[in-house]
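Welcome, and thanks for taking a look at this one. Below is a short briefing to read with the model open beside you.

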Amino acid sequence: WVGGLGGYGGRWNWYADGDGRRTALYHAMPGAVKLPWRSDLAEVRVLDVAARNAAEFEAYLAKYEGAKGRFLDPKIAASAPVRLTQRSAGALMRAVLNYVRHETRYSEQNRNCQTFAADFFALLSGRHANSEPYSSVVRAFYKQRLDWFLYDPAR
């Protein structure tokens, strides 16, 4: 959702203070992104997390797992080495911006975090054939959109 991070006071599952009323992330955000969210529009958030490898990431998930945690039953759906050759921070940000600008609407069925994650994983890993959203409902409506990463959207 556009404005989701600002609308929730900077609370985000991937930072340790994500349960606080006003997080360090919220205080670091420019005022222009602190706005009520819009559930009909998409945005992509790219933020660093502290995990340096898969084991540290899994430990973070386990720390917040359970009925009263942030993650009910976390699973690593797929993992693979990055094979993309143009993978500098700038190149990845350009690709992500291209992707989100191709289609600005949000849809729970076919334009959401799962579809982005499946497409981004396929782009980075080269595993196009078996990259798909986690949920069977979203998979039913999924169409891979790798070209959205590569080209500036026509305006």
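A salt bridge is counted here when a side-chain nitrogen of Lys or Arg lies within 4 Å of a carboxyl oxygen of Asp or Glu. By that criterion Asp152 and Arg94 are joined in a salt bridge, with 3.6 Å from N to O. Please keep in mind that this is a predicted model.

**Salt bridges**

- In general, side chains of opposite charge can pair when their charged atoms come close.
- How many salt bridges does the structure hold? There are seven of them.
- The pair Asp152 and Arg94 meets at 3.6 Å, N to O. Since Asp152 sits in the segment after H7 and Arg94 in helix H4, the pair ties together parts that are 58 residues apart in sequence.
- Asp152 is exposed because its relative accessible area is 52%, a value over the 50% cut-off. Arg94, with 40%, counts as partly exposed.
- Asp40 pairs with Arg38, and their closest N and O atoms are 2.9 Å apart. Both partners are partly exposed: Asp40 has 37% relative accessibility, and Arg38 has 43%.
- Another salt bridge links Arg105 to Glu103, with 2.8 Å between the closest N and O atoms. Arg105 is exposed, at a relative accessible area of 53%.

**Nonpolar cores**

- Which residues make up the largest nonpolar core? Its 11 members are Ala95, Val96, Tyr99, Phe116, Phe120, Ala122, Leu123, Leu124, Leu146, Trp148 and Phe149.
- H5 provides the largest share, five residues.
- Apart from this core lies another one of five residues, with Trp12, Leu25, Tyr26 and Met29 among them.
- Trp148, one of the residues of the largest core, touches Ala95, Asn98, Tyr99, His102, Glu103 and Arg111, leaving out residues up to four places away in sequence.

- Is H5 largely enclosed or open? It is largely enclosed by the rest of the structure, because 10 of its 13 residues are buried.
- The buried residues of H5 are Thr115, Phe116, Ala118, Asp119, Phe120, Phe121, Ala122, Leu123, Leu124 and Ser125. Their cover includes H4, helix H6 (136–141) and H7.
- The geometry of H5 agrees with expectation: at 1.5 Å a residue its 13 residues should span 18 Å, and its end C-alpha atoms are 18 Å apart.
- H4 passes the corresponding check, because its 14 residues should span 20 Å at 1.5 Å a residue and its end C-alpha atoms are 20 Å apart.
- In H4, the buried residues are Ala95, Val96, Asn98, Tyr99 and Val100. H5 and H7 are included in what covers them.

- Trp1, Tyr8 and Trp37 form a nonpolar patch on the surface, and together they have about 290 Å² of accessible area.
- Trp1 is placed in the segment before helix H1 (4–7). With 31% relative accessibility, Trp1 counts as partly exposed.
- Gly4 belongs to helix H1. Is Gly4 buried or exposed? Gly4 is buried because its relative accessible area is 4%, a value under the 20% cut-off.
- Setting aside residues up to four places away in sequence, Gly4 touches Trp37, Glu43 and Arg45. Trp37 is also one of the residues of the surface patch.
- The C-alpha atoms of Gly4 and Ala62 are separated by 25 Å, and these residues are 58 residues apart along the chain.

**Ser79 in its loop**

- Where is Ser79? Ser79 lies in the loop between helix H3 (54–63) and H4.
- Ser79 counts as exposed, at 56% relative accessibility.
- Beyond its neighbours within four places in sequence, Ser79 is in contact with Phe121 and Arg127. Phe121 is one of the buried residues of H5.

Key: Residues numbered from 1 in each chain as written. Predicted model: local features only at pLDDT ≥ 70, side-chain atom pairs only at ≥ 80, totals over all residues. Heavy atoms only, no water. Core = buried A, V, L, I, M, F, W, Y, C linked by side-chain atoms within 4.5 Å. Buried < 20%, exposed > 50% of the residue type's maximum accessible area, 1.4 Å probe, protein only. Helix = DSSP H or I, 4+ residues; strand = E, 2+ residues; numbered from the N terminus. Contact = heavy atoms within 4.5 Å. Patch = residues over 30% accessible without salt bridge, like charges linked within 9 Å, V, L, I, M, F, W, Y side chains within 5 Å. Areas by Shrake-Rupley, 256 points an atom, 1.4 Å probe, with all protein chains shown as cover. Expected span 1.5 Å × (residues − 1).
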